[in-house]
Amino acid sequence: MADIQSPLPGTFYHRPSPEDAPYKVAGDAVAVGDTIGLVEVMKTFIEVNAEIAGTFAGYQTENEAAVTAGQVLATLDQ
Amino acid sequence: MTIKRLFIANRGEIAVRVIRAAQELGIHTIQAHSEADADMLAVRLADEAVCIGPAASKDSYLAIDRVVAAAKQAGADAVHPGYGFLSESPEFARALEAAGIAYVGPSADTIERMGDKVAARQAAEAAGVPVVPGSKGRIATVDDAAEVAREVGYPVMIKAAAGGGGRGIRIAADEAELRKLAPQAQQEAQAAFGDGGLYLERAVQSPRHIEVQILGDGETAVHVYERECSLQRRRQKVWEEAGAACLDDDTREALCASAVVLAESVNYRGAGTLEYLYDAARNEFYFIEMNTRIQVEHPVSEMITGVDLVQEMIRVCGGEKLSLRQQDIARSGHAIEVRINAEDPHMQFMPWPGKVGAMRLPEGDGIRFDHFLYEGYQIPPFYDSLIGKLIVHAPTRDAAIDKLAGALADLHLEGLKTTAPLHLALAADKDVRAGDFHTQWLEPWLEAGNLAAAAEKSAGKPETATTGGAS
């Protein structure tokens, strides 16, 4: 199990926009560099990208939740 | 003064600004705040504070019902909306009116009319104020758009009637592009603003953004001269000046007079700004839109005239007449404001909501720093990145730029990364010194690496200390 942490504080989104599907669902393959979510900081959207490869296990932080830097957003199975 | 208890429905530096103005007028202040803002400076300065909801703006500062209920409960007789958030919402103004609470701004009808950019354009034309050549009103069909474009000439800007502030704009270089972009622009506008209406304007080449500050009491209006705001990144102003050094006196006079005519024609009450595009090559100005609120950059106008715009807007919205006649408003010297944002200018302006460590602030005659910082304050990540405005005033523009460079060098905010290095680099730039820029100048300057070059040049000078990552 590997953790994907938030690089910054802000608001976490699972989806590119409210009308889109979430970036990943459990079971999806994740390659290095894949975007798994967005953190909105001071009106700017920052992509959260996977730094290792694996299989998406699930989001650990709810959609639109406030997050701190370092908070675990999602986990990967390897 | 009929206003006795003022509710401030905003945050950050403008909330502090409003509290200071109100307290000087002897008015009791009630500060609204989200859960994430319980520690903000405005809360500490106000006479009372009220929590209006969780961190997310949509559930707090933008939640009309919550804000109105809180103001009512606190026994407020007036609400100041600041800028952004609900400050240009006719629904908010109406809800306050229904609750029997005064609104520090113009009537809901005026906000609504000037908020519709087509109606505002038509009001300007009716008042004899020049507008950018373009469509008479909303364009009904793509064929109509093509006809208008043929008359005014390409390139044209396709603009959303419910847009404003640089949003909902597409540029078409020819008819084929126009026919492709117009339907897209309409869908986007519908989705973003709930109104797909469009209008057309000729795209002015390398315009300067010049705006005029006005004050009105519902009958009479006066101007407080103009501001030069062409230095913008992603349509956000970063550096603003009063006055616009590129204008000769006759043009300035005509520009400011036109703003007063328009403000009076709509019975404007409060502080407002009329924005124009200025075509230096033709020495022509064109009205583009009106902002029916106080603006971020209002301090530069205050510095060159001595007028307190926030106090004046509170007074007139409390029922008083304007305390100044036009002949009482004289301008002197030159003022420059630079926006200090919590962003890393060397990392594509990445947001940097750090914790404020030791602060040393520039002081002296003609130096003003409007902010909401204190040692130990944790900047929240949920709102925009503006953390302060550094304003200088001097007898000439040259002296103001020199004073600005000195003040920036004296500004030390430990624990933060800010856009101060950007402003230092701009102050040292020859084009900026010559006043030789326009709305399309800053972004190419940044892309060409001028900021990085300036940073290298000043390497060796102490940088503000940083913590190891945001907390």
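The structure is a predicted model in which local features need pLDDT of at least 70 and side-chain atom pairs count only at pLDDT 80 or more, while totals for chains, interfaces and linings use all residues. Residues are numbered from 1 along each chain as its sequence is written, chains are lettered from A and ligands numbered from 1 in the order in which they are written, and side-chain values use heavy atoms, with hydrogens and water left out.

Over all chains, the structure holds 43 salt bridges, each defined as a side-chain nitrogen of Lys or Arg within 4 Å of a carboxyl oxygen of Asp or Glu. One of them joins Glu13(B) to Lys389(B), with an N to O distance of 2.8 Å. This pair links distant parts of the chain, 376 residues apart: Glu13(B) belongs to helix 1 (residues 12-24) of chain B, and Lys389(B) to strand 19 (residues 386-394) of chain B. Helices (H or I, at least four residues) and strands (E, at least two) are DSSP runs, numbered from the N terminus.

A salt bridge also forms between Arg94(B) and Asp109(B), whose closest N and O atoms are 2.9 Å apart. Because Arg94(B) lies in helix 4 (residues 90-98) and Asp109(B) in helix 5 (residues 108-115) of chain B, the pair ties together parts that are 15 residues apart in sequence.

In the salt bridge of Glu211(B) with Lys237(B), the closest N and O atoms are 2.9 Å apart. Glu211(B) is in strand 9 (residues 208-217) and Lys237(B) in strand 11 (residues 236-242) of chain B, so this pair ties together parts 26 residues apart in sequence. Salt bridges that share partners join Glu211(B) and Lys237(B) into one network with Arg227(B), Glu240(B), Glu275(B), Glu297(B) and Arg339(B).

The accessibility of further bridge partners is as follows.

| Residue | Relative accessibility | Class |
|---|---|---|
| Lys389(B) | 0% | buried |
| Asp109(B) | 54% | exposed |
| Arg94(B) | 32% | partly exposed |
| Glu211(B) | 0% | buried |
| Lys237(B) | 10% | buried |

Helix 1 of chain B also takes part in a right-handed β-α-β unit with strand 1 and strand 2 of chain B; right-handed means that, with the strands pointing away from the viewer, the path from the first strand over the helix to the second runs clockwise. Strand 2 (residues 28-34) of chain B is largely enclosed by the rest of the structure, because six of its seven residues are buried.

Two strands pair if DSSP finds at least two bridges between them. Strand 2 of chain B runs parallel to strand 1 (residues 5-8) of chain B, joined by four bridges, and parallel to strand 3 (residues 48-53) of chain B, joined by five bridges. Within strand 2 of chain B, Ile30(B) is the bridge partner of Phe7(B), and Ile30(B) stands opposite Glu48(B) in strand 3 of chain B.

Key: Buried means under 20% relative accessible area, exposed over 50%, partly exposed in between (1.4 Å probe, protein chains only).
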